[in-house]
Amino acid sequence: MAQEPQKITDLKDLRSATRGVAAAGAAAPAAAPKHERKVDAQGRAYATGKRKDAIARVWIKPGTGKISVNGRDVTVYFARPVLRMMINQPFGIVNRAGQFDVTVTVVGGGLSGQAGAVRHGISKALTYFEPDLRGPLKAEGFLTRDSRTVERKKYGRAKARRSFQFSKR
C-alpha cells in the first residue's frame, strides 16, 4: 500500500515532514574524505601553485632545506627578504623548516606573484607528501588559490576603467 502524503498546514508540520525525509534518505553521515600520499618514484611530491599570472611547478623531497628557483638559489632569485619569508611560511606553520629540499620552476607575472605561486605550490606539495599537514595549512589559507587577477583593458578606455582625459575643444 502506498502512503498518503502528509498534510502540511503550518511551519511545524513542514519541519516534521522534512525531518522524516532527511532521516529516511541518509542512514549515516558521510565520513570526511581520506587524503592519500602522492609521491613519485624518486620520493618527490609535485604540485602546481598559481597567483596572479604566475605559475609555479614545485617538487619537494626530504633533505636539508635547500630551495632552488629556476636553477638559482632562492636568495638570488628572490632578493627581497619579504618574498623569501613568504615562501618559507608553509614550513613554519607545520614545523618542517629545513626538512625538505624544494625545486621550483616558475613562469609569468612579477616577483610578488611568483612568490605567492611558489608558496601555494609548496603548501599543496606538503599536503601531498604528508596528508596530515592539510589541516593547519588550510586553516592559514595557504591551500586556497588567490583568484584576484588584473582586470582586462576595455576598448574606448585608457586602462581597465580609466577614461581618456576630457577636453571641451
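Modeller: Let us begin with Glu 130 and Arg 96, whose side chains meet in a salt bridge with an N to O distance of 2.9 Å. Please keep in mind that this is a predicted model.

Biologist: What makes the contact between Glu 130 and Arg 96 a salt bridge?

Modeller: The term asks for a side-chain nitrogen of Lys or Arg within 4 Å of a carboxyl oxygen of Asp or Glu, and the N to O distance for Glu 130 and Arg 96 is 2.9 Å. The pair links distant parts of the chain, with Glu 130 in the loop between H4 and H5 and Arg 96 in the loop between H3 and S5, 34 residues apart.

Biologist: Why is Glu 130 called partly exposed?

Modeller: Its relative accessible area is 22%, and buried would require a value under 20%, whereas exposed would require one over 50%; Glu 130 is therefore partly exposed.

Biologist: How do you know whether Arg 51 is buried or exposed?

Modeller: Arg 51 has a relative accessible area of 16%, and the cut-off for buried is under 20%, so Arg 51 counts as buried. Its side chain meets that of Asp 146 in a salt bridge at 3.6 Å, N to O. Because Asp 146 lies in the segment after H5 and Arg 51 in strand S1, this pair ties together parts that are 95 residues apart in sequence. Arg 148 is also linked with Arg 51 and Asp 146, in a network of salt bridges.

Biologist: What makes you say that helix H4 is largely enclosed by the rest of the structure?

Modeller: Of the 19 residues of H4, 14 are buried, and therefore the helix is described as largely enclosed. Ser 123 lies in H4 and has 0% relative accessibility, so this residue counts as buried. Leaving aside residues up to four places away in sequence, Ser 123 touches Pro 90, Leu 137, Phe 142 and Leu 143.

Biologist: How do you know that the span of helix H3 agrees with its number of residues?

Modeller: At 1.5 Å a residue, the 13 residues of H3 should span 18 Å, and the C-alpha atoms at its ends are 18 Å apart, so the two values agree.

Notes. Residues numbered from 1 in each chain as written. Predicted model: local features only at pLDDT ≥ 70, side-chain atom pairs only at ≥ 80, totals over all residues. Heavy atoms only, no water. Helix = DSSP H or I, 4+ residues; strand = E, 2+ residues; numbered from the N terminus. Expected span 1.5 Å × (residues − 1). Buried < 20%, exposed > 50% of the residue type's maximum accessible area, 1.4 Å probe, protein only. Contact = heavy atoms within 4.5 Å.
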